[in-house]
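Here is a short note to read with the model open. Take the points in order.

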Amino acid sequence: MKIVHTIQELRAQLRGQLRTAFVPTMGNLHEGHLSLMRIAANHGDPVVASIFVNRLQFGPNEDFDKYPRTLEDDIAKLEKEGVYVLFAPDEREMYPVPQEYRISPPHDLGDILEGEFRPGFFTGVTTVVMKLFQCVQPQVSIFGKKDYQQLMIIRRMCAQFSIPTEIIPAETVREDDGLALSSRNRYLSADERREAVWLSKTLQQTADRVRQGVAQCQMTVHDVADLEAAAMQVLNHRGWKTDYIAIRRRTDLKTVEADDLSSPDRLVVLGASKLGATRLIDNLEI
């Protein structure tokens, strides 16, 4: 595996490549990330990964300096997956001058759900992804469905800017008990890890109730709101601090309208909740 730290080195390595597949990451890699590398290998050649902890997407109450940097371990994992190039720039390489130009998603998509509770997060994400795409110029790029809203925002950014990169979604990788893999899981205590499965359980129960209601032609928009509130109550009674449980349209993450209830496969249920000091997110397509 070639390890490069500058944009110039990266472009030299990729000159002439016609089907580059790219997986951007912030490192601290787990099996979920590695599954993206395997999907990338099925859609392009060579496979390029990046590791860059992006300061722009950290809020004032999120500690950028404490984000785990595990480059040596990450390199070993990527080598086993047959990644051709790892782009691992530092901040001076990515932001040699203050990044005054930013990419901002539309308010009705970027400022809801995660965007409501992490103001500015998606502007930081879209800005760095746009810059990485300019560096790598991939034909395909893989993004996990676990970050459902992020996936949608990146897809729309590519469409609106006519970026010639196909965004390929990857299914969420889960532990045997259903917990979605996340770098944040490492912060859970043993007791919290056992409890953490209740986020995916609650989303699954909510999705099942939506399917049942739609199948019986008994689901209304008011029922959707009741299910969201009930799901939040389940978690909060167990000691969680829930930001949201939301049933939304898959196409644009807007709130559900009556016409959307003719078929459950138009919907997704998303959740974000804090267990102890660790904030977890997850979603299930219904």
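1. Start with a term: two strands pair if DSSP finds at least two bridges between them. The model is predicted. In it, strand S2 (residues 21-25) and S3 pair in the parallel sense, over five bridges. One of the contacts joins Thr25 to its bridge partner in S3, Ile51. From S2 the chain passes through helix H2 (residues 31-43) to S3, and this β-α-β crossover is right-handed.

2. S3 also pairs with strand S4 (residues 85-87), again in the parallel sense, over three bridges. Here Ser50 has Phe87 in S4 as its bridge partner. The chain runs from S3 through helix H3 (residues 71-80) to S4, in a right-handed β-α-β crossover.

3. Why is strand S3 (residues 47-51) largely enclosed by the rest of the structure? Five of its five residues are buried, so the strand is largely enclosed. Val47, Ala49 and Ile51 point one way, Val48 and Ser50 the other way, and all are buried.

4. Now the rings. The structure holds six aromatic pairs. In one of them, Phe22 and Phe133 have ring centres 6.2 Å apart and planes at 70°. An angle over 60 degrees counts as edge-to-face, so this pair is edge-to-face. Phe22 is in strand S2 and Phe133 in helix H7 (residues 121-136), so the pair ties together parts 111 residues apart in sequence. Both residues are buried.

5. Phe58 and Phe64 form an edge-to-face pair too, 5.4 Å centre to centre with 85° between the planes. Ring pairs link Phe58, Phe64 and Tyr67 into a cluster. Arg69 lies over the face of Phe64, 4.7 Å from the ring centre.

Conventions:
Residues are numbered from 1 along each chain as its sequence is written. This is a predicted model: local features need pLDDT of at least 70, side-chain atom pairs count only at pLDDT 80 or more; totals for chains, interfaces and linings use all residues. Side-chain values use heavy atoms; hydrogens and water are left out. Buried means under 20% relative accessible area, exposed over 50%, partly exposed in between (1.4 Å probe, protein chains only). Helices (H or I, at least four residues) and strands (E, at least two) are DSSP runs, numbered from the N terminus. A crossover is right-handed if, with the strands pointing away from the viewer, the path from the first strand over the helix to the second runs clockwise. Rings of Phe, Tyr and Trp (its six-membered ring) pair if their centres lie within 6.5 Å; planes under 30 degrees apart count as stacked, over 60 as edge-to-face and the rest as tilted. A charge sits over a ring if NZ of Lys or CZ of Arg is within 6 Å of the ring centre and within 35 degrees of the ring normal.
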